[in-house]
Structure formats: structure tokens, C-alpha cells
Amino acid sequence: MAASTKDTSSRIITLTTDFGRRDHYVAAMKGVILSIAPTVRIVDVTHEIEPHNVIHGAFILRQIWPWYPPDTIHLAVVDPGVGSDRRIILGRYDGRYLIAPDNGLVTFVHRQTPAEMMHVVEDRRYFLPHLSATFHGRDIMAPAAAHLASGVKPRDFGRATDCLEVVPVAHRADKDGGVLRGTVLYADHFGNLVTNIGAEQLPSGAARAGLVVFVDGGAIGPIRSTFCDVPASEPIALIGSGETLEIAVNCGNAVERFGPAPKVTVKIE
Amino acid sequence: MAASTKDTSSRIITLTTDFGRRDHYVAAMKGVILSIAPTVRIVDVTHEIEPHNVIHGAFILRQIWPWYPPDTIHLAVVDPGVGSDRRIILGRYDGRYLIAPDNGLVTFVHRQTPAEMMHVVEDRRYFLPHLSATFHGRDIMAPAAAHLASGVKPRDFGRATDCLEVVPVAHRADKDGGVLRGTVLYADHFGNLVTNIGAEQLPSGAARAGLVVFVDGGAIGPIRSTFCDVPASEPIALIGSGETLEIAVNCGNAVERFGPAPKVTVKIE
Amino acid sequence: MAASTKDTSSRIITLTTDFGRRDHYVAAMKGVILSIAPTVRIVDVTHEIEPHNVIHGAFILRQIWPWYPPDTIHLAVVDPGVGSDRRIILGRYDGRYLIAPDNGLVTFVHRQTPAEMMHVVEDRRYFLPHLSATFHGRDIMAPAAAHLASGVKPRDFGRATDCLEVVPVAHRADKDGGVLRGTVLYADHFGNLVTNIGAEQLPSGAARAGLVVFVDGGAIGPIRSTFCDVPASEPIALIGSGETLEIAVNCGNAVERFGPAPKVTVKIE
């Protein structure tokens, strides 16, 4: 594997995996990347995606997407189907690249913004010479990301495609009569529950101030501005940093209070 | 957000947070930083500060302070008051910068060494254009750190201040008659208990060798030089790498033996 | 500690420790490295080696060894004997360097490939000026790695040696009559069990296809190609990404099924 002589010091490759931090898998991928593109910048997004949980990975990718500069390469490996005939894809959305197994990891990014291009990663010139059956993150996806950073064109990796696996999860809440029926997409480290009720689905101004949020049928009050608007240990609904409704407990943990996936509803009419 | 054209490749921004490694919060901050200062070096100190535990964060900052080169920017986000009127501050101590909420995170660094300057971070030119109510780490502190690394002057971020929140924790042990009455400031990953009894509070040489250390009233012996000075599974007192007295168990775990916060005393006269 | 003026931006220092991610220890080491070699690239391999588990650390080092470019410096700190008279060594294998306590961390790399050179790290010019008794990772090994990256010659750190601590663990399975009697070297984050039965110890082609793998005496079937060759929740034996036999459970956890260290045997004649 020859190292590139191109200056890639302004290119970023991010890593999102379910590999954990304890084993050698992430470090092997980084070694492969740096052997091909010695000056690229590698950023760990997280390696603590729940093992094999494609939806969790898809949610994280959507959350970080707007914050990285154009031409960033996001490499995501949650790959329960490794070794099967599932494809590996290389897509571009809003000027940023994604390399991932074609198993739904692209779901939320794909629903948010149209794909600008999409190719299958299949040209073995850009793989490691010897492929294992169980670690395509190291043997295919890491070298593909490094070659892309080094100037290989997306079309050189394989044929164009427009057929993608997308997981059937509701990106935004259903509106049922005058009621938004939301579900929890993600429970974070603090125990905050991130729902799929988008800020843009809610009325604004005074009309928003008059709404009441229900968690599993129980009212927890109006949509507040910030944690400090309720006393410690009280539940609160607010618009989170991802611009959707979140359920939290001030200085506490909403997962402990409500479980990881309560139903969240807001009557808006 | 325009990327700086200034070469920041020799500038370091470190991150100390309670965000954990599982979510997208840290990666969003890194994306914001790299969008503004593409060549800055980002170093993770830890993201496993106990959620909302400002003292824990303050202790970690104190421990790493001397080891980074001048001009390093330490960004610390343990921010239970996000969205309240708590201020964000930018200080310089011993040639290194700290950007953090004004909630006591600065406590131990501030007690150790005088502040060379202190400003409020309040000029919205250096914030992201849209502010969330719950994530000022991403929307204010990360861009402020990146702009500082890119050459913005500390005074440009806001007015000078000399009024700071400092947590009332004893940086050093009380001397009560001839007895040093210490408390545990931190229990580390190995179960070692780091006390606030400073090496400089103890006599040196032969006088130190004659001392006896008590944990919750029980004698555990003199102050030793190194773990190997007692048999495996025996408790030991020694001067730790932060130059304070630590209680450990050789090849074992002092938290399991003594709990996380025993009283530690040394009779020195 | 004067920073080097040499451009070290193409040099990599990796870190493998049992320090965890919660404390300040890893960040202190990085600060020391960057103070000496400001442009070196630091890569975290893992900081979650089981505390004091030298064999675990040795296994991880072996797994990452082939994937990093020549001249990479691997720094490994699993050091229960810190403060004793155990030595610190600097070795070169296959063009890559290892700096570590001489306590067996080198075991698997050393068995795989001959040492090209081996020196004791003992010249105090390359240590921090003040040595703690408990943190030679920060005070000796981190500065040694940074000075090596900056151009100091291996022989300048201390005398050559060819006497090394190696842990008595079987790198490869014993062949007993016509039976390979394997042991588990490592259980990964997914619960996969990595054995010491090397792919090169097994027949190839049709002869391999006829073999049966036994776990604690119970047959689990032939050696398969990939996880998808058995239904979900079924145990499977396959050649893992480190080119040894692994025991897994498709979409499940082999440690939960078989415990962390079952006996694995294959009758090959």
C-alpha cells in the first residue's frame, strides 16, 4: 500500500462505529488510513453505537452532518451483515461524503437532504490486497476513505446507484387529527429523550406557549426554553440542540423517570 | 462561518466535558472548531466527568494544567446552568487559556496560580449565528476557542472581569493542632484516593519517614515511596503524581477497601 | 523542556494503556509529548486494557502492529511494577518502535517477528526533570517517545540488551496427536472469542472444510466463511480478522454462551 504524496492535511475523515474502545479494531482502521493518507485528520465521532444498531448509527450521523466542513468524509461502520452480499456505498450529501455499508446507516441524512451522488464501492484496486471475511471496516472502507481523501474520484470506486436501503423509521412525528404523535429516536448519556417532533412541526410564538406536552398520557407542562425553567428533579419539555422536542428532567434523568421509549404527544389544534 | 486562513497548526485546543463518548455532542463541537480553525490540534482530555460534577472537572483541569505548552486553549464544558444567566469566561493562567462556564470549573487552577487576565465571552460575533438553549458548548464555547486559536484577542470577546465563581472546597488540608486533616478530592480509575494533603505540607526527610497515616481513624503505616513497598492487597500511603498524598491498595482498589471519601489524617507534630 | 524545531508531522506515536478515559493520566502524557514534539501525530489505540493485565496489552499490540506505517512509535503503559527496578525498553520490530515497561508487553510481537534492535531507556537527559514514583508513563516513557520522534537515536537512550521479559502464553495452539488444542487469548467487545489456533495450523481447501470444531467438548460445526453462514443466535467458528480461529454467535455473544475462556479443539488428522 503506497502512501499518497498528495497533501491531505486539510481533509477530515470521521469514524462512527459500534466497535467500542477496548479492542484493536478502531486502531487498525486508523493505521490503514494513515498508511495511505499520512496527513489526513481523523476525528472519532463515537465507537459506542449499540452493537449492530443501525438506527442508532443513522441518528448520530444526522446529528453531526451540518457541523463539519465541506469535503469531510464520514466513515460509518455498523455492519452486522459483513461478509454477506450487502453493498458498500459512497454518497455525497450537502458537499460531505459518507462511506458505509448499504444497510440503512444513511437513513436520516438521506431523508433530510437529497443525495448529490451515490456510488457502489467495488473496485478492488482501492481495497487492501487480502480481505478478511469479518472486518471490511479495515479491509475495504478505511482504505476507500483514505483513497478518496487522497484524490481518487467517487466514480472510480464503482458504478453509480440510486437504490439504497433506508430503515422505516419516522423521521418526523405523525400528525393525527390535531395531535402530533411523537416517538423517541434517541436517549442520550444524560438520560434526555430526543423525539421526532420537529420544531418546524410546532406553531411558533404565543400559540406554542399555550401547548401542553404529554408523556405516556401524563401532562408534563408546556414547552419551556431551558432546563432552569423548572425546579431540580422536575420533568421538562424543550426544543433540543437538534431542533426537535426533547423530554428531560432538570438535574436528573428522563430515562430513569419514563423509560427509554415513552410515547410523546402534543395537541396542536 | 468562514474558515480562518491563519496557520493554527501549532495551536492546541483541549476538551474536558461531561458529555460521554456515546452521543454526538463532542463530535459536533469538533466539527464547529475545525470549520473555523481547520488546522488546530484538538486533544480530548476526558468526556467522562461525572454529569454536572463541577468539582470533578475542576480537579482534572488542575491536574493537566502544567503539562501543556504555553498558548494551549483548554475548553471545559460541565454546564448544568446552561441557558440560565451564568456567564462564560475566558481566563489566562500561567500562559495557558481556559474557556468555561463561570460555575467553579476554574476553582483549583485559580487557587494554584494567579489569573493573568479574565474576560467575559459575550460578543455574539464569535458565537454561532443560531443559539440553542441547551448546548452552548457547541454554539458559544467551541467557536470562541476556535476564534481565539485563530488570533482573536481575549479582550475582543468581552469586558474584563475579576469576579469569579469558585467552589468552596479545600484545595489543601486543614492543620488542626499538630494534625493534618485531609479529605479525598478524587478517586481514580484504579481506585486510588487522591487527598488534599500536599507534599509541601509534610515535613521532609527523616521527619516524614516517622509519620503515620490514618484512614477513617485506622493506621495504615508510614508514607512509602512506591506501590511495591508493601505486599499485594495491602493498603499504602504515598505521594502521588500530582504531589499530594494518595491512599492506594497495591495491585488492588482503595475505593473498594475504604469507600470513595474516607477521612485521611496525619499527625505531624 | 525545549520543544523540538524538527518537523515531526509525519511521525506517529500511538498510546496503549490501562489508564481508562476518565482521569487525567492520558491527557498529561499527551501534553508532555506535544511540549517536546509539537507536530507529532498521536493516536489512541486503547486506554481500556484491563488494569495491570499485561497479556491483554501484549495481545492488542500484536493485533495493530502490521497496520501502521514504518517508523511509527507504539508507546504502551501497563505498568503494575512502576517504581520497582523493572526496566523500560525501546525495541524495533519490522521497522516500527515499541517503548514499554519490560514486563511482557512485548510478548506476542516478539514471538511473531525478530527484534531488529533493543535498548534500555535509562539516560535521564530524556526524562522529565522531576520523576514521580507512580507515573513513569508521563515522566519517562512519554518524553522518550517524543524525543525518539524528534530524531534522538535509539542507542542514545541507553545500552543495548537482548534479555527480555516474555510472558509464558502459547502464541499458537499445541498439536497433540492429530488434535489442535487451542485456548482463548482474547474476548472482544462483541463477545467474540479469539483463539490461538492459527489459520496456518489448519489444512486448507477441502480438507479444512471437513473439520469439526469443539468448544468445551461440544461440536459446533465446521469452520465457516462468515457470520451469515449460520442462523441468528447460532454459534459459529470462523477465521477472524487476525488470521486465527474465532468462536462467535451470529448476532449474539459467545462469551455469554461459553464463558470467557472455553477450551477449543479441532481434530485435524
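1. Let's begin with one term: two residues are in contact when they have heavy atoms within 4.5 Å. By that rule, 5 residues of domain 1 of chain A are in contact with 4 residues of domain 2 of chain A. Please keep in mind that this is a predicted model.

2. Where do these domains lie? In chain A, the domain assignment places domain 1 at 12-157 and domain 2 at 174-267. Taken over C-alpha atoms, the centres of domain 1 and domain 2 of chain A are 32 Å apart.

3. Domain 1 and domain 2 of chain A bury about 410 Å² between them, with 77% of that area from carbon and sulfur atoms. On the side of domain 1 of chain A that touches domain 2, α2(A) gives the largest share, 4 residues. That side divides into 3 nonpolar, 2 polar and no charged residues.

4. Now look at the two chains. How many residues does the contact take from chain A and from chain B? Chain A gives 30 residues and chain B gives 32. The area buried between chain A and chain B is about 2700 Å², 56% of it on carbon and sulfur atoms.

5. On the side of chain A that touches chain B, the elements giving two or more residues are β2 (41-46), α2 (54-64) and β9 (184-187) of chain A. By class, this side of chain A has 16 nonpolar, 8 polar and 6 charged residues.

6. Between chain A and chain B there are 0 salt bridges, while 18 residue pairs are in polar contact across the interface.

Terms used. Residues numbered from 1 in each chain as written. Chains lettered and ligands numbered in written order. Predicted model: local features only at pLDDT ≥ 70, side-chain atom pairs only at ≥ 80, totals over all residues. Heavy atoms only, no water. Buried area = accessible area lost by both parts, 1.4 Å probe. Salt bridge = Lys/Arg side-chain N within 4 Å of Asp/Glu carboxyl O. Polar contact = N/O pair within 3.5 Å; in protein donor to acceptor, adjacent residues only side chain to side chain. Nonpolar A, V, L, I, M, F, W, Y, C, P; charged D, E, K, R; others polar. Domains from an automatic or database assignment.
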